[in-house]
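Please view the sequence and the model alongside the text.

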Amino acid sequence: MKKLLLSGVALIAATQIATARDVTVALSSDLRSSNPGVNRDGNTDSVILHIVEGLVGYNNGGEVKPLLAKSFETSADGLTYTFKLRTDVKFHNGKPLTADDVVWNWTRYLKPDTKWTCIKDFAEGGAAAVTGVTAVDAGTVEIKLAKPSAVFLGLMSRPECGFTGIISPDSVAADGSFAKPIGTGPFQWDEWKKGEYIHLTKFADYVSPENNGQPDGMVGSKRPLVDGVKFMIIPDASTIKAGLQSGVLDTAEISPDLIPEFKDSEKTQLIVARNNGKNLLYIQTRDKVLSKPGVRRAMAMALDLDQLVAAASNGTGEANGSMVSQDSVYFSETQKKRLPYDIEAAKKELADAGYNGEPISIIANKRGNVPSFPAAVMAQAMMQQVGLNVQIEVLDYATQVDRRRSGNYQVISQSVSPRLDPALMYAFYVGNKDENASLMWDDPKAIELMKAAYVEADQAKRQKIFDEFHELMLKEMPGIFLYDMVDVWGATKALKGQPVWQSNARLWEVSVEE
């Protein structure tokens, strides 16, 4: 640990030679690859977000909006998407964006040799299988699908896909190897010193998509207000804290237990941003005890959800019993419904289900940036009050993941990363458990509704699907959704703007006072 701390101090010292108007942010681990959507993780996505852009992107409400495209249209049969490209877009090498560039990118992404993370979604048999990409003219691209897909645009926009970023063909060397990402984003690739930092510089010719002057998810106003961004690789939380307090770091994710300290400090500020991820109790519905919906409903009704969330989130979260995020355009009055906190009703549910004190184990981990353990402790105490024999099993995170994927658990207290389209969030939980043991719920009606949401593009009709799904979930209670995830970041007082969105660093429309 001493060696790690000294290394972190050395890294922080190195930031002092950075350009005066750079914004400096800490990452817990190094970039895995500069190749969009290839060999990625969350930290990699945060860096790539600043460099590349796709034809479309998500806004704050989870709607897909034009980004490199000025507009898009869908044919009546849902099989053809036509994108009109913006005429004010340049790559970082100064070349204008053309339809041929889009075709080149899609051709490259769909080649197995590229090893694009998202190829299964767009290849034959995928949720949005692409059968052709054509340049109609210099400013128009046509993409054809094998079957209608309401999630095609949303799948394109995901961080895991490298945002399906359109890069210049000059990003690839003559021998076909990837050289560096030459994108269209507000910042451009500069330097990567592995294990220490990644540096991006401001793209002076950047033009935001049409907007109202405000940042809005991946779209909206995206002005680069600093000369560059320096992502420092600092895995040690205490070093990050010291860097923020000294002003050497401008912003970074912090542990929730530092909330009071940063909130009350004269030198730092606390930044809390809700995202579309989920904190929940994931239930094995095939377990002998938990296969009974009455037991699962009793577990939910035993929870004073507002009290549990306040404690587990250090006062930053708000209870939400829906799979749909509170910030989603699909978060309706129906989505606000949840089973009531009712101890006597919970006891009756248990009696009717024939529960007789059988043990129930909640698996939790003690990672500091998620509420897995504190949520489990609160749930255990509340559930014991209604007669549930609940115990906690603490595992390291990797083992917990293995147990979920194998289906070897009763209850898991876990967090799931953001997925902005509700149908994509459902897909993490719902489906055939014989084919995928990691899934939570294999109710035939739930599967039917999820599949319908993948096809139905009309917003009003999708809303009805999501509302019906939620009503069914309250009846069956395959899992207990607690609250939307919360990003907790610290920053210096000099930093202005919102540096985090959906758990990604987002440094456009962010500045640092001189």
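## Terms and basis

A crossing is called left-handed if the near helix is turned anticlockwise from the far one by less than a right angle, and right-handed if clockwise. Helices (DSSP runs of H or I, at least four residues) and strands (runs of E, at least two) are numbered from the N terminus.

The model is predicted, with local features needing pLDDT of at least 70 and side-chain atom pairs counting only at pLDDT 80 or more, while totals for chains, interfaces and linings use all residues. Residues are numbered from 1 along each chain as its sequence is written, and side-chain values use heavy atoms, with hydrogens and water left out.

## Helix 8 and helix 10

Helix 8 (residues 293–301) passes helix 10 (residues 343–353) with axes that come within 8 Å and cross at roughly 165°; axes are lines fitted to C-alpha atoms, for helices over the stretch in contact, and angles run from 0 to 180 degrees between N-to-C directions. The two helices are therefore roughly antiparallel, a term for angles over 145 degrees. Their crossing is left-handed.

On the helix 8 side, G294, V295, R297, A298 and M301 take part, and they meet I343, A345, A346, E349, L350 and A353 of helix 10. Contact here means heavy atoms within 4.5 Å. The residues of this contact comprise 8 nonpolar, 1 polar and 2 charged, where Ala, Val, Leu, Ile, Met, Phe, Trp, Tyr, Cys and Pro count as nonpolar, Asp, Glu, Lys and Arg as charged, and the others, Gly among them, as polar.

## Helix 15 and its partners

Helix 8 also packs with helix 15, at an angle of about 95° and with the axes 7 Å apart. That makes helix 8 roughly perpendicular to helix 15, the word for 65 to 115 degrees. P293, R296 and R297 of helix 8 make the contact with L474, K475 and E476 of helix 15. By class, this contact has 2 nonpolar, no polar and 4 charged residues.

Helix 13 (residues 422–429) and helix 15 have axes that come within 11 Å and cross at roughly 35°, in a left-handed crossing. Here P422, A423 and Y426 of helix 13 touch R462, F466 and F469 of helix 15. The classes are 5 nonpolar, no polar and 1 charged.

## The second largest pocket

The second largest pocket has a volume of about 530 Å³. Of its 29 lining residues, A150, L153, Y330, A457 and R462 are the closest to its centre. A pocket is an open set of points on a 1 Å grid over the protein atoms alone, where a 1.4 Å probe fits, with protein on both sides within 12 Å along at least five of seven lines; lining residues have an atom within 4 Å of a point. Grid points are joined across faces, edges and corners, and a volume is the space filled by probe spheres set on the points.

Helix 5 gives the most to this lining, with 3 residues.

Definitions and conventions. Parallel < 35°, antiparallel > 145°, perpendicular 65-115°, else oblique.
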